[in-house]
Amino acid sequence: MINLLAQRASALHLGLANYCWLLDLDKALCLKLANANATDRSRPLAGMCDSARCPQATHHLCHRPVWADSAAHTCDIEMPVLGRTCNFTGMAREEVMQDGAHRQVVRIGDTVRRPAQPWTPTVHALLQHLEEVGFRYAPRPLGFDDEGREVLTYIDGDAGPLAWEKVVSDDGLRAFARLLRDYHEACADFSPPSGATWSGGGADLGDEDVVCHGDFGPWNVVWQGDRPVGIIDWDFARPAPRLHDVAYALEYVAPFRDDAECLRWLHYPAPPDRRRRLELFCTVYEINSTEGIVDAVITRQRDNADLVRRLAEQGHEPQATWASNGLLSQLGDRITWSLTHRHLFE
Ligand SMILES: Nc1ncnc2c1ncn2[C@@H]1O[C@H](COP(=O)(O)OP(=O)(O)O)[C@@H](O)[C@H]1O
Ligand SMILES: [Mg+2]
């Protein structure tokens, strides 16, 4: 088992300790531990796992002790060393929060270190603006460390996979929509510095645009209890109409997913009333009419699939790995589902 993982390690998004990537689901310990229905092959997590987004993946850091314990007591396979990775830079303790092949996000004390990108200085200018206007829901930029990583303030709370269940209740959904609206208001006066570079390329700020977050899903919001306290992961920020963020968020929180996925992975106690949720989100965001919103979501789904395809073709990670593991066909299926189920939203 370990050899098999080691052979595939270079293609694994999360490194060795990630059984979801096994081709043979019967051997996927994480799915067994999650009591996943082994006969349902329709939506395995294989190939799709992204520990910062996936609502249920049991390979996430927080699940590793459970996993290791189970392996020690119930399995006759040898497990790699599991648990949070710690090493020392000087005297500072590094805690790995995301150990994807494409990047490592670590916490050191009250700071988070992330690999710097060409657009990071522009993103820092945005975060600086947010601090200046008193928007409390974004990390503050603290520059770069001696390894060239960006340094941000750490926001305490639950994010990533733990955040999905927070938007299931009406109150959580309201808070999520309000947070996006508040962010858009806070960034409305932001003037990007000259030579601004965004991840999607150098887009100018049009009259109707704000700098959208670009990846505003439940997994990129930090929650304390049922209260959102921060928005993280600003790499996809770029000038665009506000609807760019609204449509993206709605795909995940209306949600544009079938009942089985809602119940099995997204923590809904019963199939959601998607139309009502979409309306609630729009009301809180202060969008007067929901006309055209479903089309906007589908357009955003298409744009996103195109972006993933483009980045994968250019060899960017994690998109290249996602694509080789079938994500593009899954994205295509989701668009088809949205087209054939739009009556659930309108
Ligand atoms: N500023 C921050 N404060 C607290 N946690 C953070 C912060 N930035 C990142 N994290 C944690 O690290 C994880 C991965 O970081 P993120 O910036 O979302 O990168 P990725 O692109 O890999 O999703 C997040 O899910 C969250 O748990
Ligand atoms: Mg993220």
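Among contacts in the chain between residues at least 6 apart in sequence, 67% join residues at least 24 apart; two residues are in contact if their C-beta atoms, placed from the backbone, lie within 7 Å. This is a predicted model, in which local features need pLDDT of at least 70, side-chain atom pairs count only at pLDDT 80 or more, and totals for chains, interfaces and linings use all residues. Residues are numbered from 1 along each chain as its sequence is written, while chains are lettered from A and ligands numbered from 1 in the order in which they are written.

The chain has 346 residues, of which 34% count as buried. A residue is buried if 20 or more other C-beta atoms lie within 10 Å of its own, exposed if 12 or fewer, and partly exposed in between. The chain holds 11 helices and 10 strands; these are DSSP runs numbered from the N terminus, with at least four residues for helices (H or I) and at least two for strands (E).

Val96 is found in strand E2 (residues 92–100) and counts as partly exposed because it has 15 C-beta neighbours inside 10 Å. Its C-alpha atom is separated by 6.4 Å from that of Arg107, 11 residues apart along the chain. Gly143, in strand E5, has 9 C-beta neighbours inside 10 Å and therefore counts as exposed. Gly143 and Pro121 are 22 residues apart in sequence, and their C-alpha atoms are 8.6 Å apart in space.

Strand pairing comes next. Strands pair if DSSP finds at least two bridges between them. Thr111 has Thr153 in E6 as its bridge partner.

Helix H4 covers residues 120–132, which makes 13 residues, and reaches 18 Å from its first C-alpha to its last. That is close to the expected 18 Å, where the expected span is 1.5 Å times one less than the number of residues. Its buried residues are Thr120, Thr122, Val123, His124, Leu126, Leu127 and Leu130. They are covered by elements including strand E5 (141–144), strand E6 (150–153), helix H5 (170–187) and strand E7 (209–212). After H4 comes Gly134, with a positive phi near 80°.

H5 also packs against helix H6 (residues 243–253), at an angle of about 165° and with the axes 11 Å apart. H5 is therefore roughly antiparallel to H6. Axes are lines fitted to C-alpha atoms, for helices over the stretch in contact, and angles run from 0 to 180 degrees between N-to-C directions; those under 35 degrees count as roughly parallel, over 145 as roughly antiparallel, 65 to 115 as roughly perpendicular and the rest as oblique. Leu173, Phe176 and Leu180 of H5 make the contact with Asp245, Val246, Ala249 and Val253 of H6.

A further helix pair is formed by H9 (residues 293–313) and H11 (residues 327–340), whose axes come within 10 Å and cross at roughly 170°. These two helices are therefore roughly antiparallel to each other. Among the residues that meet are Val297, Ile298 and Ala305 in H9 and Leu327, Leu331 and Ile335 in H11.
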